[in-house]
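Me: I am new to this structure and would like to learn how to read its cavities and its helix packing. Please show me where to start.

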Amino acid sequence: MSNAWQEDVQAAVAAGVRISDQHIVDKVRRAVLTQRLPPGTRLPEVTLGEVFGVSRSVVRKALTRLAADHVVDQRPNQVARVRAPSIEETRETFAARRLVEGEVVALLAGQLDDGALSALEQEAHREIEAHQCGDEPARIEHSLAIHHQVAELSPNRVLGAMLTDLILRTSIVIALYKRPSLASCYLDGDHPRLLARLRAGEPEKARGVIDEHLRALEDLLDLGPRETETDLMAILGRPSPAEA
């Protein structure tokens with residue numbers, strides 16, 4: 001793993017900058033979404049404090065925020081863990097997102113200006129380029145950007161907020177439970193098809209593309225139990241001797 005972020009932390013500490021709970025939230029969320037922290041991984045406060053060079057109070061703030069975002073589970077007198085949603089919860093989350101995002105894209109079809117559509121199309125193009133280059137973390141980021149922009153553009157703000165939450169929940173599940181033999185969850189042509197329906201002003205066809213897209217993603221998941229031992233320092237902290 002690259003040690004670029006660790007160098008940034010060390011530089012910040014040397015400059016007297018306090019590492020915030022937001023920094024920890026961003027790093028843990030990214031590690032989950034890019035599939036480096038598997039479901040059930042223990043996140044002890046002491047270990048995270050050592051990894052990031054901060055006090056336990058800062059770690060607690062970060063874990064509370066991650067729990068609110070459904071990234072980790074926190075229970076009284078227990079070590080926080082990366083969420084491992086049940087099969088039932090996972091199915092319910094996908095079902096909810098199909099309903100909400102389907103309605104949002106139906107509302108948006110034919111209503112977006114050229115600027116908004118062009119921005120979405122650029123993200124779709126960048127996702128394709130990242131996939132072709134084998135850069136899966138970048139591909140995931142561009143894919144997420146498309147759906148987040150759709151949520152932000154929603155004419156119904158309540159549905160938009162619900163979709164933002166569901167995007168995170170389903171993205172985490174995909175990152176955690178993607179079949180081990182599968183290099184990428186990229187679905188060729190799905191996003192360009194959706195954007196074509198939005199540009200053409202076809203609400204029911206846009207809804208149908210989203211339904212098919214999310215069902216295809218759900219079918220890629222492996223929801224069987226996993227037993228893992230994860231080295232938090234290796235994933236989030238100091239570089240290994242080979243990287244030094």
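Me: Which residues line the second largest cavity?

Reply: Start with the general idea. Rolling a probe the size of a water molecule over the atoms shows where empty space is left. In this predicted model, the second largest cavity is lined by H70, R83, P85, E89, T90, T93, R169, I172 and V173. Two elements, α5 (87-108) and α8, each give two or more residues to that lining. Its volume is about 60 Å³, and its lining has three nonpolar, three polar and three charged residues.

Me: How many cavities of 30 Å³ or more does a search of the whole structure find?

Reply: The search finds two.

Me: Which element gives the most to the lining of the largest cavity, and how do the lining residues divide by class?

Reply: Helix α7 gives the most, with six residues. By class, the lining holds 10 nonpolar, six polar and six charged residues.

Me: At what angle do α6 and α7 pack?

Reply: Again, the general idea comes before the case. Two packed helices are described by the angle between their axes and the distance between the axes. For α6 (residues 114-132) and α7, the angle is about 160° and the axes are 7 Å apart. Because of that angle, α6 is roughly antiparallel to α7. The crossing of α6 past α7 is left-handed.

Me: Which residues of α6 and α7 meet?

Reply: From α6, the contact includes A116, L120, E123 and R126; from α7, R139, H142, I146 and L153 are among them. The contact of α6 with α7 has 10 nonpolar, four polar and four charged residues.

Me: How far apart are the axes of α5 and α10, and is the crossing left-handed or right-handed?

Reply: The axes of α5 and α10 are 8 Å apart, at an angle of about 155°. The angle is why α5 counts as roughly antiparallel to α10. Helix α5 passes α10 in a right-handed crossing. Residues in this contact include R91, F94, R97 and E101 of α5, and R207, I210, D211 and L217 of α10. By class, the contact of α5 with α10 has eight nonpolar residues, one polar and nine charged.

Conventions: Residues are numbered from 1 along each chain as its sequence is written. This is a predicted model: local features need pLDDT of at least 70, side-chain atom pairs count only at pLDDT 80 or more; totals for chains, interfaces and linings use all residues. Side-chain values use heavy atoms; hydrogens and water are left out. On a 1 Å grid over the protein atoms alone, a cavity is a set of points where a 1.4 Å probe fits but cannot get out, and a pocket is an open set with protein on both sides within 12 Å along at least five of seven lines; lining residues have an atom within 4 Å of a point. Grid points are joined across faces, edges and corners, and a volume is the space filled by probe spheres set on the points. Helices (H or I, at least four residues) and strands (E, at least two) are DSSP runs, numbered from the N terminus. Ala, Val, Leu, Ile, Met, Phe, Trp, Tyr, Cys and Pro count as nonpolar, Asp, Glu, Lys and Arg as charged, and the others, Gly among them, as polar. Axes are lines fitted to C-alpha atoms, for helices over the stretch in contact, and angles run from 0 to 180 degrees between N-to-C directions. Angles under 35 degrees count as roughly parallel, over 145 as roughly antiparallel, 65 to 115 as roughly perpendicular and the rest as oblique. A crossing is left-handed if the near helix is turned anticlockwise from the far one by less than a right angle, and right-handed if clockwise. Contact means heavy atoms within 4.5 Å.
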